[in-house]
Amino acid sequence: MFFIDTMELTGLGNRSYLAGGRRAAVAVDPPRDVDRLIATAARHGVRIALVVETHVHNDYVTGGLELARLTGARYLVPAGARVSFDRVPVEDGDVHPVDAGLALRAVATPGHTPHHTAYVLEEGGRPVAAFTGGSLLIGTVGRPDLVEPRLTERLARAQHASAHRLADGLPDATVVLPTHGFGSFCAAGHADGASTGTTIGAERARNDALVKDVDTFVAELLAGLDDIPAYYAHMGPANAAGPAPVDLTPPRQADAAELAARLAAGEWVVDLRSRVAFAEGHLAGSFNIEGTGSLATYLAWLIPWGKPVSLLAATPEEVAAAQRELVRVGIDRPAAAATGGPADWTPEGEQPRSFRRAAFTDLAAALAAPPANRGRPVVLDVRRTSERAGGAVTGSLHIPVHLLPGRIGEVPPGPVWVHCARGMRAAIAASLLDAAGREVVAVDDSFDNAVRAGLTGPQRSGDTATA
């Protein structure tokens with residue numbers, strides 16, 4: 001008998017796995033905070049004998065090297081990956097025992113990266129599961145444009161071939177367990193993030209790489225590629241060099257005076273509370289990225305790399321959870337932290353700031369009203385460019401949230417009504433504008449309601465929409 005446990009990394013849209021038998025197990029694509037995997041192995045009463053990487057990751061810092069060091073496990077990395085540390089180089093077809101009757105077979109699956117390798121878990125020589133990393137995902141594949149632009153089309157074609165190699169070489173009942181594709185920007189298309197898994201047979205019937213010819217697949221895949229988070233540029237080099245161990249001890253506590261000094265020095269102070277609480281009252285100059293959402297993705301994407309960041313939260317537990325998320329993307333130590341609320345963080349003699357939240361029906365009313373002395377509201381759409389294809393508020397200015405810090409000066413004078421698709425990114429953008437001294441209204445609503453309110457239509461010449 002064997003077991004497979006899944007570790008969800010919901011903030012990054014990834015999964016890691018621990019699979020084993022009665023005495024030993026293998027960890028697949030571990031996150032940087034490895035304590036959870038060690039605890040999971042302890043609950044099963046097994047030792048971690050192998051740690052494997054499907055590829056050198058571009059979207060998070062691996063914990064593989066540290067996990068192997070702590071457990072004494074053999075560290076398997078594809079032979080084609082250029083790394084600066086000792087590891088067991090894995091070649092196509094290599095078989096590595098895990099436990100009695102349980103083994104991993106390596107399958108070269110280039111596409112997401114040139115060296116990408118999937119691992120088939122075999123019980124008694126029979127395939128039971130495939131750890132597919134960034135190759136075959138649920139309904140899609142890993143994107144091929146994260147390594148080098150000149151290789152993108154070549155890798156897209158390799159993805160198609162790799163998907164067919166897996167499908168042709170494995171029984172339909174084989175469980176497919178990808179690392180990416182649950183909200184990760186490493187997925188080339190939409191993947192079913194709610195799915196607990198899939199099989200080779202299910203993917204054979206629905207995965208674009210398996211149901212479309214190579215030319216159609218490649219053309220559609222390349223046309224649909226989305227923005228690449230800026231921090232990805234730092235992940236691959238960090239993983240190739242060998243990440244350092246993490247330090248999750250609590251950061252030093254800052255009082256209101258220190259927070260003010262850090263803001264004055266140009267550092268980032270990030271409020272992890274809900275967007276509702278932030279809008280109602282917050283430390284002037286702070287930014288809002290909810291700790292319960294995609295904190296690591298958006299903070300790492302927005303912040304100038306290496307700039308000190310301090311964290312604000314209601315409780316120490318929320319700071320600790322954020323710390324754990326951030327080390328996964330290489331933001332290792334907050335400069336400081338503070339808990340409580342805006343009254344605790346605001347210098348004596350000053351007041352917390354606030355701004356309005358609204359729905360798309362409120363925006364429709366504001367646009368229909370006679371212009372006030374301050375002029376017509378500015379509507380700012382902070383969705384990604386690809387999302388605008390499905391509709392946009394007529395006359396809206398478009399600056400994706402990840403570009404906004406460098407383009408705030410392009411936002412025209414007047415009250416700014418900022419929206420996204422659901423409200424989270426609008427709250428981030430509203431906090432950036434508020435910190436810059438702009439009057440802002442955060443539209444905390446589903447974009448479907450913009451359509452219902454009659455706000456969308458074709459962009460006209462003279463509209464302020466921009467890429």
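In which sense do β9 and strand β10 pair, and over how many bridges? Point 4 gives the reply.

1. Basis of the note. This is a predicted model, in which local features need pLDDT of at least 70 and side-chain atom pairs count only at pLDDT 80 or more, while totals for chains, interfaces and linings use all residues. Residues are numbered from 1 along each chain as its sequence is written, and side-chain values use heavy atoms, with hydrogens and water left out.

2. Overall build. The protein chain has 16 helices and 21 strands; helices (H or I, at least four residues) and strands (E, at least two) are DSSP runs, numbered from the N terminus. The radius of gyration is 24 Å, close to the 23 Å that the globule rule gives for 467 residues, so the protein chain is as compact as a globular protein of that length. That radius is taken over C-alpha atoms, and the rule is 2.2 Å times the number of residues to the power 0.38. Along the principal axes, the C-alpha atoms fill a box of roughly 75 × 50 × 35 Å.

3. Of the 467 residues in the protein chain, 55% are buried (under 20% relative accessible area; exposed is over 50% and partly exposed in between, with a 1.4 Å probe and protein chains only). Contact means heavy atoms within 4.5 Å. Among contacts with a separation of 6 or more, 69% are between residues 24 or more positions apart. The accessible surface comes to about 18,700 Å², and 52% of it belongs to carbon and sulfur atoms; the areas come from the Shrake-Rupley method with a 1.4 Å probe, and for residues only the protein chains shown count as cover. The mean positions of the 43 positive and 52 negative charges are 1 Å apart. Lys and Arg count as positive and Asp and Glu as negative, without His and the chain ends; each charge is placed at NZ of Lys, CZ of Arg, CG of Asp or CD of Glu.

4. Strand β9 and its partners. β9 and strand β10 (residues 126-133) pair in the antiparallel sense over five bridges. Two strands are said to pair if DSSP finds at least two bridges between them. Strand β8 (residues 102-108) also runs antiparallel to β9, joined by seven bridges. Y119 links the two pairings: Y119 is the bridge partner of A106, and Y119 stands opposite F131 in β10. Two residues lie between the strands in the hairpin of β9 and β10, where G124 takes a positive phi near 60°. Six of the seven residues of β9 (residues 117-123) are buried, so the strand is largely enclosed by the rest of the structure.

5. The four-stranded sheet. An open sheet with parallel pairing has the order β14-β13-β15-β16. Its edge strands, β14 (287-288) and β16 (336-339), each pair on one side only. Strand β13 (residues 268-271) is paired with β15 through four bridges, in the parallel sense, and V269 stands opposite S310. S310 belongs to strand β15 (residues 309-313) and counts as buried at 0% relative accessibility. Leaving out residues up to four places away in sequence, S310 touches L259, R262, W268, V269, V270, A335 and A336.

6. The five-stranded sheet. A further open sheet, with parallel pairing, has the order β17-β21-β20-β18-β19. β17 (356-358) and β19 (397-398) are at the edges with a single partner strand each, so one side of each has no neighbour in the sheet. β18 runs parallel to β19 over two bridges, with D381 opposite H398. From β18, V378 and L380 point one way and V379 and D381 the other way, and all are buried.

7. Two loop residues. D29 is in the loop between β3 (24-28) and α1 (35-44). D29 has a positive phi of about 50° although it is not a glycine, and D29 counts as buried at 0% relative accessibility. D444 is in the loop between β21 (440-443) and α16 (448-452). D444 and V418 are 26 residues apart in sequence and 8.9 Å apart in space, C-alpha to C-alpha. Apart from neighbours within four places in sequence, D444 is in contact with R275, V276, R357, A358, R422 and G423.
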